[in-house]
Amino acid sequence: MPPKQQGDAAKPEYRVEALAKGLRILSLFTEQRPTWRVSDIAPAVGMPLPTVYRVIMTLTAEGYLDHLPNGDYRPGVRVLTLGNAALRGLDLVELATPRLQQLGAASGETVNLAVLTGDRILYLVRLRNSDLVTANIQVGSTLPAVHTSIGKLLLAHLDEDDLTSRITERSFARQHGPNAKVSLDELRGELAKIREEGWALQDEELAFGLRSVAAPVRDASGRVIAGANLAVQSRDWSSQRIIRELRPLIEKACADISALLG
């Protein structure tokens, strides 16, 4: 058999229809709708119910879907593994990680890199200090943007139409810290200040006992594409001390990462 050329993958004869159907089904699962029933999947992808059932059973057997007790399906561990591998392969992650590691070593505190997805932030890099209260957050985790320093920073750089389409009443989590804003109107003034000053502070808004300070990462055009922060225990760090000592560190690190991207 002759070796395949670079363009062969795009040719119709190399298309595996069963695999395409499986990928179409997997693409239905989103943060807005993380679980599906077989009866709902069939009309959503335009396939007969028996076909969908066979594909679902195959994906479940291979670990790409989990079958829940209530009959719903959700992405399995194999999907998460692929997602994490994709995230780590991004140029942003590859370029940013060494500099963030330096920042974590110099500060002794937790360092995060995240992007905005919908009304939440998605963690691309997390270098955790073992003392931090949010120990369950890891690469691939998401949190409400309105309650995080990185999230508020990224929201501050959206235009008004994008901001109002992303942020609704549901964006404000029921569980949050004591100082959290609870509506977009309440948050707007802070977003304007963040946009003007170029950095964001989270003061026990995400959880009691947690503070963080974030700065933007920009691409070659100057557009804000991500944010990084230093997260600390409030018992050890007052807001004033964070602004005085940690803000310059995170701003310098993000400027260095932006220069690498540029």
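I began with strand 3 (residues 110–117), where 7 of the 8 residues are buried, meaning under 20% relative accessible area with a 1.4 Å probe and protein chains only. Strands here are DSSP E runs of at least two residues, numbered from the N terminus, and helices are H or I runs of at least four. The model is predicted: local features need pLDDT of at least 70, side-chain atom pairs count only at pLDDT 80 or more, and totals for chains, interfaces and linings use all residues. Residues are numbered from 1 along each chain as its sequence is written, and side-chain values use heavy atoms, without hydrogens and water.

I then looked up the partners of strand 3; pairing requires at least two DSSP bridges between two strands. Strand 8 (residues 224–233) runs antiparallel to strand 3 and is joined to it by 5 bridges, with Asn112 opposite Asn229. Strand 4 (residues 120–127) is also antiparallel to strand 3, through 7 bridges, and Val115 has Leu122 as its bridge partner there. The hairpin of strands 3 and 4 has 2 residues between the strands, and Gly118 takes a positive phi near 65 degrees.

Next I examined Glu205, in the loop between strand 6 (200–203) and strand 7 (210–218). Is Glu205 buried or exposed? I found Glu205 buried, at a relative accessible area of 4%. A polar atom of the Glu205 side chain lies 2.8 Å from the backbone nitrogen of Asp203. Leaving aside residues up to four places away in sequence, I noted that Glu205 touches several residues (heavy atoms within 4.5 Å), among them His147, Lys152, His176 and Glu190.

Terms used: Buried means under 20% relative accessible area, exposed over 50%, partly exposed in between (1.4 Å probe, protein chains only). A polar contact is a pair of N or O atoms within 3.5 Å; within protein, one must be able to donate a hydrogen and the other to accept it, and residues adjacent in sequence count only if both atoms are side-chain atoms.
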